[in-house]
Amino acid sequence: MYVARSISADHKDLIHDVAFDFYGRRMATCSSDHSVQVWDINDKGEWHCTASWKTHSGSVWRVTWAHPEFGQVLASCSYDRMAAIWEEVVSYMVPNNHLMIILQTKRATLVDSRTSVTDVKFSPRFLGLKLATCSADGNVRIYEAPDLTDLTTWEIQDQIMTKMSCSCLSWNPSRLNPATIAVGSDDANPSAGGKVQIYEHKVNERKWVRSNMLMSITEAVHDIAYAPNLGRSYDVLAIATKDVVIMRFDKKDPSMIGSATSTRNTPVQLDHQGAQVWQISWNITGTILAASSDDGVVRLWKANYLDKWKCIQVLKGDGSSVSTMLVQPKDPPATNKGSSLPETSVDAGFMSSSPKFSSFFSSTSAWLGSSPLSRQGRHNSVPVTPATSHVTSGFHIPLK
Amino acid sequence: MTTSVHLDSGINAIATNREKTQVAAAGRLVFKIFHIEEGSFREYLDLRVGRINLNYSCNDVVWNSVRDDILATGATNGAVVTWNLGISKGNKMDKVFTDNTRTVNKVCFHPSEWNILLSGSSGGVIRYFDLRNNVCASTFSGTKNSSGSIRDIQFSPHQMFIFASATDDGYVQFWDYRRNDRVLLQELVHQNIVFSLDWHPEERNWLATSGRDKTIKIWHQESHELKLHLDYTLYHIQSVRKVKWRPERKYHIASCSQVDDNAVSVWDIRRPYVPFAVFEEHKEAPTGITWYDQNIFLTSGKDGVIYQHVFKDAKKPAETSNPVGVSMSLNGDIFHIAVQSGRNSGVRGLSTSDGPSAKRPMPMFFRRHDRTAESFVTYESRLIFHELRENRFSEWFCETAKQYQLVGKPFGELCEENAKVAEELGRHQVAQTWHLLRLFFVDVSQVVPKVYSKQSSAGSTDVTSPRTQAEPDKDPDSNSIHRDTAMNQHSLQDVGHAPDSATGVTDEESDSDIDRTKWRNKNLQMDGIEDPFTLDDDDNYDENFDLLDLNLANSDNWNLPAEAFPHRHEIENIGRQSSPDPTHDRSRPSSPPTKPVDDDQENSHNHQLLASQAIDQAITKHRSEFNLSIKYRPLIKDMLSYYADKGDVQMSVSAYVVLGDKIKGEIPSETIEHWFISYIELLSRFKLWPIANHVIKCSDHPNIQMLNQQSTTIYANCNNCDKPLEKKSWACNRCGKLTNTCSVCHLPVKGLYSWCQGCSHGGHMGHLKEWFSRSTQCPTGCGHECELR
């Protein structure tokens with residue numbers, strides 16, 4: 001159950017991106033007001049802005065953290081056609097005064113682009129310290145810091161011409177693959193072909209080669225995200241277009257997805273009722289997808305045991321109410337329902353996949369005040385897992 | 001439609017005539033006049049004819065606002081030239097003023113007096129030419145404070161005699177053209193060069209300036225004050241060469257950059273960071289902007305192109321930038337950015353609430369205007385933190401990681417322990433899986449009581465275990481795989497058979513097989529106890545209450561005693577028939593337990609937790625024919641992959657480690673490596689490094705085992721004499737002192753010794769923490785600014 005809290009950020013224009021760091025204890029925001037802010041959470045769970053500085057002379061589109069192994073390193077990209085690498089330097093003033101000053105030092109400016117740099121992403125850690133940027137003129141550039149102790153030097157390792165106006169990119173986090181990048185385009189013209197291209201780094205040829213172009217995606221793509229791959233045998237790619245499309249790439253069947261014979265590999269469309277989805281984010285295990293749309297709502301999506309994606313929660317932007325759409329079985333996110341496993345799971349699956357049941361369920365429980373779970377369960381002769389007891393919470397969330 | 005015309009050379013300035021039917025484009029090597037016709041430009045005149053000299057090299061061009069036939073240009077050599085289009089043929093050059101010795105940056109006609117021409121040059125002098133008598137009527141030179149070259153001049157559209165000039169050293173000056181002896185007003189407006197200024201066409205006394213400091217500033221002058229007030233600051237990508245107000249839009253202004261940015265931007269001055277519209281047609285830096293009407297304007301560029309831009313073709317950065325954002329942390333917390341809803345009805349300053357102007361009280365003059373202004377949507381984001389309060393991934397993940405037991409116990413017990421861990425965290429499916437795993441490899445009949453007992457009730461297992469023993473004997477092939485399980489179970493079996501009726505008592509003692517012998521002795525002693533069942537019943541009673549909490553689904557038919565009781569009798573019978581002697585039992589060739597199969601089936605059907613029909617059937621059908629472990633190895637492989645695919649790599653890895661040799665070779669080695677690395681990375685994200693290390697140790701994959709073998713050496717120096725320490729030394733070879741004394745309390749440190757690698761001093765963690773909360777230097781006084789903070 002989510003508790004919403006509004007945090008006042010001193011940004012003077014729209015905030016475009018928010019990024020958690022590796023450990024989830026820090027957060028960075030970037031805004032059109034040219035600045036980036038870094039926030040830290042204290043032991044009480046409150047967020048404090050610990051740094052705010054002017055990073056660019058244009059809207060800052062994205063901000064991203066490097067793996068902490070490389071230091072507290074941030075990268076930002078902007079409308080001013082630059083990407084910049086920042087490192088946090090903590091210095092102490094006057095000895096014994098114990099005044100700690102956190103300075104964000106600009107380590108490098110990547111000025112190769114001639115147009116707005118629309119996205120910047122650090123590579124997965126096993127590829128070293130690499131950075132990919134994409135720009136509105138269709139160039140994807142891969143930079144590498146050859147010396148990890150010196151972040152001022154970044155060599156441009158490769159440059160890919162995508163021939164489409166790029167808006168977002170995502171590294172494939174799976175270590176089973178060669179380095180792979182998916183690039184999305186926000187070109188509004190639907191006839192201009194597929195809006196997502198996937199590039200693979202061929203080690204032998206030492207270059208990036210387009211391995212796939214998703215022709216089924218014709219609407220403008222605003223965000224793209226590979227799901228974290230924790231031991232999965234396949235890759236999952238979420239694409240934020242008008243709706244969210246989830247695609248699955250099986251290692252065994254690397255050919256086109258749309259034409260795949262296996263139904264598992266057909267793209268899944270998550271309906272956002274006409275709202276434009278702008279940004280998406282996976283949870284750590286890659287099982288829940290948060291999609292933020294311009295109706296001011298975040299929807300959380302999760303696949304059930306049949307690989308049917310369901311909206312499990314809607315988080316309202318005003319923070320005033322959070323409603324549970326479906327009865328969510330208590331089973332933790334990662335342990336999904338499996339058809340190969342005992343029947344109990346099927347029961348839970350039935351509950352989550354049957355809207356009729358769940359609406360009846362929640363309305364009844366609301367009517368009765370307290371949740372009459374056990375009774376309910378018997379009536380329906382459905383074994384009620386203890387899980388369902390949290391149904392009634394979540395209708396009203398106090399806003400701090 | 002955006003249209004364009006290409007010229008041979010870069011254009012420095014453009015000017016339209018009063019009717020806006022013609023446009024003059026002037027550059028160093030070009031000077032032409034075009035007719036603006038519907039959707040196109042038509043070349044009308046080339047003024048670069050005759051003997052070309054430097055007078056033709058134009059820096060600026062201006063059309064007389066009263067007489068359509070007069071133009072003026074400022075040349076790079078300092079000449080100010082007027083052109084008369086009325087000259088019938090040949091060279092239209094009319095007069096040349098050579099008063100300036102340095103480049104003329106700007107020429108400017110009076111909006112209503114045709115004869116008044118001003119020029120500003122790099123020499124820092126403004127010259128006023130009267131075209132009636134063709135003389136330089138007066139000069140306006142900067143005061144001592146301001147001596148830089150003049151970049152821009154413009155007559156006020158509202159005050160007859162006033163013009164403003166912009167200088168290289170950051171000043172804007174107001175002059176009365178009738179009086180050249182003094183500056184009306186002088187204000188420092190930019191840190192550096194002021195490239196351009198523009199009076200607002202409608203708003204009295206609004207002035208926009210732009211400079212090299214990458215800003216556009218909007219000022220106003222109080223009617224009776226000789227001072228400019230800053231209202232808005234717009235932040236440009238690059239230094240701003242030119243600004244021009246958009247007609248009929250009070251808050252809109254167009255700008256272009258001096259260098260390095262080829263876009264022409266139109267800003268809403270209330271949104272200081274994001275241009276309202278952008279026109280990116282130019283290939284090189286734009287130089288001149290002239291509005292045709294509110295939706296069409298002309299620009300010229302160094303690329304030699306004049307564009308007629310139409311607003312409909314504009315790119316609007318605000319529309320393509322994402323207004324909302326979301327990020328999910330590893331805990332499942334979500335940060336959400338949403339657009340702050342609500343309209344700001346033109347109250348200036350809200351959108352720029354922290355701008356320099358907002359703090360100042362609003363002048364009366366402005367309030368009047370703003371009240372009638374069009375409403376303006378503020379651009380602000382809300383930052384919302386959705387904290388996940390329940391069912392947090394991190395919680396159960398960390399708990400599970402900490403509590404799972406991967407090695408050090410017999411397989412069955414590990415499964416039970418882990419099942420219990422999962423059960424307590426409410427992860428029923430995982431718990432179930434652990435039970436099943438045990439079931440596959442141990443014996444179904446053993447699990448039955450196990451499932452119900454929250455305390456490890458090995459006693460009942462013992463009773464049922466003969467069948468475990470019986471099975472491998474039937475299938476010699478699987479014997480090897482199964483042997484260690486069987487061996488592990490032996491300890492339990494031993495006891496199980498010894499006491500006929502003392503099962504209840506043995507329950508309590510059977511938690512580990514370490515003190516097996518002791519236990520056996522004890523059992524022998526307890527052989528005579530008559531009322532063990534009371535104890536047993538009590539236990540069951542309690543446990544069932546626990547079960548009620550844990551799993552409501554099973555609450556209806558938990559009649560365990562009834563179920564367990566006949567079961568035990570059955571087994572006891574078998575036990576008796578064969579032999580009560582443990583040693584015998586171990587080597588005993590088993591008799592096929594045909595009869596108990598039925599009982600077993602019955603039992604497992606009664607049993608709610610064994611809900612899977614498939615498994616029931618499999619057990620009943622095949623238990624006498626196949627070894628379960630062989631039969632279910634592919635199934636287990638699938639199960640592990642299933643968990644990994646579902647994002648629970650923890651389960652995959654844990655189960656894999658626990659299963660050990662039982663599924664060795666079944667799963668590809670790279671998959672195993674992938675799982676392990678994923679799990680280890682996950683653990684390290686939650687900062688569970690000791691557990692990660694444990695997992696590494698448990699792994700059988702060479703690549704994984706390597707992970708904690710890297711950079712394990714710690715180099716340390718003696719904290720007294722700085723000699724590098726030899727391995728395993730706690731005293732320094734040279735000075736003979738202890739190396740592990742605490743710098744604060746001077747006692748040797750036992751356990752965790754933390755030290756600064758810079759100066760080799762350290763000590764108790766607590767002491768050091770306390771010390772460094774007050775000081776930044778080393779407690780020994782060595783003067784080192786220790787890293788340990």
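Which residues does Ser57(B) touch, not counting residues up to four places away in sequence? The legend to View 1 gives the list. The structure is a predicted model, in which local features need pLDDT of at least 70, side-chain atom pairs count only at pLDDT 80 or more, and totals for chains, interfaces and linings use all residues. Residues are numbered from 1 along each chain as its sequence is written, chains are lettered from A and ligands numbered from 1 in the order in which they are written, and side-chain values use heavy atoms, with hydrogens and water left out.

View 1. Ser57(B) counts as buried because its relative accessibility is 6%, where buried means under 20% relative accessible area, exposed over 50% and partly exposed in between (1.4 Å probe, protein chains only). Not counting residues up to four places away in sequence, Ser57(B) touches Gly27(B), Arg28(B), Arg48(B), Gly74(B), Ala75(B) and Thr76(B); contact means heavy atoms within 4.5 Å. The side chains of Ser57(B) and Thr76(B) are joined by a polar contact of 2.8 Å. A polar contact is a pair of N or O atoms within 3.5 Å; within protein, one must be able to donate a hydrogen and the other to accept it, and residues adjacent in sequence count only if both atoms are side-chain atoms.

**View 2. The open sheet S2-S3-S4-S5 of chain B.** This sheet has 4 strands with antiparallel pairing; two strands pair if DSSP finds at least two bridges between them. Strand S2 (13–16) and S5 of chain B are the edge strands, each pairing on one side only. From one strand to the next the twist averages 30 degrees, with axes as lines fitted to C-alpha atoms, for helices over the stretch in contact, and angles running from 0 to 180 degrees between N-to-C directions. Strand S3 (residues 22–26) and strand S4 (residues 31–37) of chain B run antiparallel and are joined by 5 bridges. Opposite Ala26(B) stands Phe31(B) in S4(B).

**View 3. The open sheet S1-S28-S27-S26 of chain B.** Here too the pairing is antiparallel, over 4 strands. Strand S1 (3–6) and strand S26 (286–291) of chain B stand at the edges with a single partner strand each, so one side of each has no neighbour in the sheet. The twist averages 15 degrees from one strand to the next. S1(B) and strand S28 (residues 305–310) of chain B are antiparallel and share 4 bridges. Ser4(B) has Tyr307(B) as its bridge partner in S28(B).

**View 4. Strand S20 (residues 215–221) of chain B and the strands paired with it.** Of the 7 residues of S20(B), 7 are buried, so the strand is largely enclosed by the rest of the structure. Thr215(B), Lys217(B), Trp219(B) and Gln221(B) point one way, while Ile216(B), Ile218(B) and His220(B) point the other way. Strand S19 (residues 206–211) of chain B runs antiparallel to S20(B), with 5 bridges, and Leu207(B) has Trp219(B) as its bridge partner. The hairpin of S19(B) and S20(B) has 3 residues between the strands, and Lys214(B) takes a positive phi near 65 degrees there. With strand S21 (residues 228–235) of chain B, S20(B) pairs in the antiparallel sense over 7 bridges. His229(B) in S21(B) is opposite His220(B), and a hairpin through 6 residues joins S20(B) to S21(B).

**View 5. Pro272(B) in a loop of chain B.** Pro272(B) lies between strand S24 (264–268) and strand S25 (277–279) of chain B. Pro272(B) counts as buried because its relative accessibility is 6%. Pro272(B) and Thr233(B) are 39 residues apart along the chain, and their C-alpha atoms are separated by 6.2 Å.

**View 6. Packing of helix H3 (residues 393–403) of chain B.** The buried residues of H3(B) are Phe393(B), Ser394(B), Trp396(B), Phe397(B), Cys398(B), Thr400(B) and Ala401(B). These buried residues pack against helix H4 (411–424), helix H18 (649–659), helix H19 (669–685) and helix H20 (689–698) of chain B.

Methods. Helices (H or I, at least four residues) and strands (E, at least two) are DSSP runs, numbered from the N terminus.
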